[in-house]
Amino acid sequence: MDIFKKINIGIDIEEELRNALENNITLKKTEWDLRKFAPDGELLDIGGCGEYTIMNNTRCPLIIIDNDPDRYIENKRVKTYDMDAQSMQFENKRFQNITIFYTLMYMEKEEIKNTLSECRRVLKESGHIYIWDIVFGEESDITTYVVPIKVIGKRAASDYCFASNGIYERRDHHFYKELIVQCGLKIFQEEIKDGGIYFDCVYGEEKG
């Protein structure tokens with residue numbers, strides 16, 4: 001799936017991004033409050049859009065993987081790896097927590113399933129997988145989505161806007177829940193907003 005742009009933005013650039021992409025659907029801006037988000041232990045971030053968001057709102061040791069990792073991240077507690085989330089080069093049950101911040105919207109359904117299965121494999125049995133992503137309930141011939149969000153962080157509030165194309169199926173609560181359960185996870189907490197969804201997932205029954 002192609003990625004058009006991943007941009008930290010002000011309000012004006014959201015309009016520029018909409019205008020640059022023909023035949024797009026712009027989701028309602030979703031607001032996430034991360035001021036109380038405080039994972040402990042070693043944290044793995046599945047890179048896509050949220051590397052800086054996760055880095056700036058955590059204090060624990062952080063490993064970021066991405067097919068195109070940001071080479072400009074300079075933080076002593078952070079390590080970055082060029083790695084495919086569908087085939088991670090980590091041992092089983094290594095990480096206490098995993099974050100996936102607006103990354104699944106760049107994946108097709110089978111890629112999401114593979115990624116969640118790998119996340120379960122490298123997650124400690126007492127650990128958590130935190131997922132933030134888009135949600136919409138109507139199918140459309142338009143497959144390009146502009147995704148504005150606002151993050152209220154420990155330091156400040158920031159506006160972002162992302163864009164993804166090639167989304168062909170409806171991505172509602174049931175879409176994510178089905179994949180989460182298929183991958184041997186269960187939902188511990190969830191929050192659904194107009195345009196965005198959040199899951200806190202833990203170990204569930206492993207599927208054959």
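This is a predicted model: local features need pLDDT of at least 70, side-chain atom pairs count only at pLDDT 80 or more; totals for chains, interfaces and linings use all residues.
Visitor: What makes this a nonpolar core, and which members of the largest one touch the most others?
Guide: Of its 60 residues, Leu44, Ile98, Tyr102 and Trp132 touch the most other members. β8 supplies the largest share, 6 residues. Residues are numbered from 1 along each chain as its sequence is written, and side-chain values use heavy atoms, without hydrogens and water.

Visitor: How do you know that both faces of β4 are covered?
Guide: Leu43 and Asp45 lie on one side, Leu44 and Ile46 on the other, and all are buried. Buried means under 20% relative accessible area; exposed is over 50%, partly exposed in between (1.4 Å probe, protein chains only). In a regular strand, side chains alternate between the two faces of the sheet.

Visitor: Why do we say that β4 pairs with β5 and β7?
Guide: Pairing takes at least two bridges found by DSSP, and β4 has 4 to β5 and 3 to β7, so both pairs qualify. Both run parallel. Asp45 stands opposite Ile64 in β5, and Leu44 opposite Ile98 in β7.

Visitor: What makes α3 a helix of the expected span?
Guide: Helices are DSSP runs (H or I, at least four residues), strands are E runs of at least two, and both are numbered from the N terminus. α3 has 14 residues. The expected span is 1.5 Å times one less than the number of residues. α3 reaches 20 Å, close to the 20 Å expected.

Notes
A nonpolar core is a set of buried Ala, Val, Leu, Ile, Met, Phe, Trp, Tyr and Cys residues joined through side-chain atoms within 4.5 Å.
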